[in-house]
Amino acid sequence: KKINKKLKILGVTVLTSFSDQSLKKTGHTKSINNLVVHQAKLAKSVGLDGIVCSVKEVKLIKKICKNMEIITPGIRLPGDNVQDQNKNRIASPKSAFKNGATGIVIGRSITQGSIKKNFKKLIKSLN
């Protein structure tokens, strides 16, 4: 931060492609929600600027990480394919912000096809 005052360091909780079952296959014994809460507390205790979590966990995180950035990946525009994401851990941009996210990560919903049309669809979905 001495070099770049705008630099923000974020911690990732649990990938949005994971389910409780796939998380257990990696050796974790906690549920996704319990692990996300644990990771959020850890991120706060070490002074991170924010965390990355699924839209489904934002409300849990906001209670722990007051005044921290909460970035949500797994964002899909209405009608878009789930693809490699866990269908229970994705959401629309509007839903992400409504739940309290401060920022979103949206990839293929913008980059696949006409980027111009996709941006218009994104703006329309936020209104």
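Student: What handedness does the β-α-β unit of E2, helix H3 and E3 have?
Tutor: This is a predicted model, in which local features need pLDDT of at least 70, side-chain atom pairs count only at pLDDT 80 or more, and totals for chains, interfaces and linings use all residues. Residues are numbered from 1 along each chain as its sequence is written, and side-chain values use heavy atoms, with hydrogens and water left out. Helices (H or I, at least four residues) and strands (E, at least two) are DSSP runs numbered from the N terminus, and a crossover is right-handed if, with the strands pointing away from the viewer, the path from the first strand over the helix to the second runs clockwise. The unit made by E2, H3 (residues 58-64) and E3 is right-handed.

Student: In which sense do strands E2 and E3 pair, parallel or antiparallel?
Tutor: Two strands pair if DSSP finds at least two bridges between them. Strand E2 covers residues 50-52 and strand E3 residues 69-72, and three bridges join them. Their pairing is parallel.

Student: How far does helix H2 reach from its first C-alpha to its last?
Tutor: The expected span of a helix is 1.5 Å times one less than its number of residues. H2 (residues 32-45) has 14 residues, and 20 Å is expected for it. The model is close to that, at 20 Å.

Student: Within what arc do the buried residues of H2 fall, seen down its axis?
Tutor: Buried means under 20% relative accessible area, exposed over 50%, and partly exposed in between (1.4 Å probe, protein chains only). Ile32, Leu35, Val36, Ala40 and Ala43 are buried in H2, whereas Lys41 and Ser45 on the other side are exposed. The arc is that of the directions from the helix axis to the C-beta atoms. The buried residues of H2 line one face of the helix, because they fall within an arc of 135 degrees.

Student: Why do residues three or four places apart in an α-helix point the same way?
Tutor: The spacing follows from the turn of the helix. They point the same way because the number of residues a turn is 3.6.

Student: Which helices are included in what covers the buried residues of H6?
Tutor: Asn118, Leu122 and Ser125 are the buried residues of H6. They cover an arc of only 65 degrees around the axis, which puts them on the same side of H6. The face turned away from them carries the exposed Lys116, Lys117, Lys120, Ile123 and Lys124. The cover over the buried side includes helices H4 (93-99) and H5 (108-111).

Student: Is Asn67 buried or exposed?
Tutor: Asn67 lies in the loop between H3 and E3. Its phi is near 65 degrees, a positive value in a residue other than glycine. At 83% relative accessibility, Asn67 counts as exposed.

Student: What distance separates the C-alpha atoms of Val105 and Leu42?
Tutor: Val105 is in the loop between E4 and H5. Not counting residues up to four places away in sequence, Val105 touches Ile71, Thr72, Pro73, Gly74 and Ile75, where contact means heavy atoms within 4.5 Å. Leu42 is 63 residues from Val105 along the chain, and their C-alpha atoms are separated by 22 Å.
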